[in-house]
Structure formats: C-alpha cells, structure tokens
Amino acid sequence: ILGPRHPYMSTGTKFLQWLDGQMSGGQPTKLFDDELRNFVWVEDLVAMVMRLVEDFPERPPPHRLFHCGGPEALSRVDVARLLCAAKGYADSGGATEDAAGPRIVPTPRAEIDLGYPT
C-alpha cells in the first residue's frame, strides 16, 4: 500500500517516503528487481472499503475474498523509476552513469541484507 506519511505517527518511514529520500539524495540504492507486487494507493483502498460498507447489508459482496492490488505488477526498481520520472530526478547519480554510478541498483532480494538475524 502506497500513500502519504501517517498523520498520527511521527516515527517510522513508509517505503515511498524512504525511496523519495534516497532518490532525491542521489545515493546509490539497492532495490529488489526479482520480486513483483501489485501496489495500490491508500485512498483507492479506502474508497473500495467505504463502498463495501455503504452497500452492506442491502447489497452484500458476492465474494468473501478481495484482491485489492493495483492494475500492474511492479518491482521496487519499477517504482523507483516511476518516482524519479514523476519528481524529475535523474535515474543516475551524476551526469552519466559512468561518472557517478547508477542511482537505482537492481539487486536480487537474496543479495540484500534486510537486517534480520541469520
């Protein structure tokens, strides 16, 4: 689920805010390229839930399981590229990728240290 920072929590960072910080700062950032997700914007999800609540019990949902993902499967690399395009950030850290290296570093998930004890 993507969306703005939670208004009642001053701590913690959501993926989109973290990614924006990484891309605006120009640091090389390793991102999963082998794991796809169907991202959905939080307001779209809220609108869907509100519609279900408003229609109930007169029109109960036909199913008990709902897929609430977005219209296409994206990797974190794809989301980073879309964010860079939307915000006007260069995909590379310098004038050319050779000069400063890539800003977005596609990396298999198994090669990224997630900080969990092994």
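Predicted model: local features only at pLDDT ≥ 70, side-chain atom pairs only at ≥ 80, totals over all residues.

Analyst: Residues are numbered from 1 along each chain as its sequence is written, and side-chain values use heavy atoms, with hydrogens and water left out.

User: How many disulfides are there?

Analyst: A disulfide is a pair of cysteine sulfur atoms within 2.5 Å. By this rule the count is zero.

User: Is Cys84 buried or exposed?

Analyst: Buried means under 20% relative accessible area, exposed over 50%, and partly exposed in between (1.4 Å probe, protein chains only). Cys68, at 27%, is partly exposed. Cys84 has a relative accessible area of 1%, so Cys84 is buried.

User: What is the volume of the largest pocket?

Analyst: On a 1 Å grid over the protein atoms alone, a pocket is an open set of points where a 1.4 Å probe fits, with protein on both sides within 12 Å along at least five of seven lines; lining residues have an atom within 4 Å of a point. Points are joined across faces, edges and corners, and the volume is the space filled by probe spheres set on them. For the largest pocket this gives about 340 Å³.

User: Which residues lie nearest the centre of the second largest pocket?

Analyst: This pocket has a volume of about 250 Å³. Its lining has 13 residues, and those nearest the centre are Leu2, Phe39, Leu74, Val79 and Leu82.
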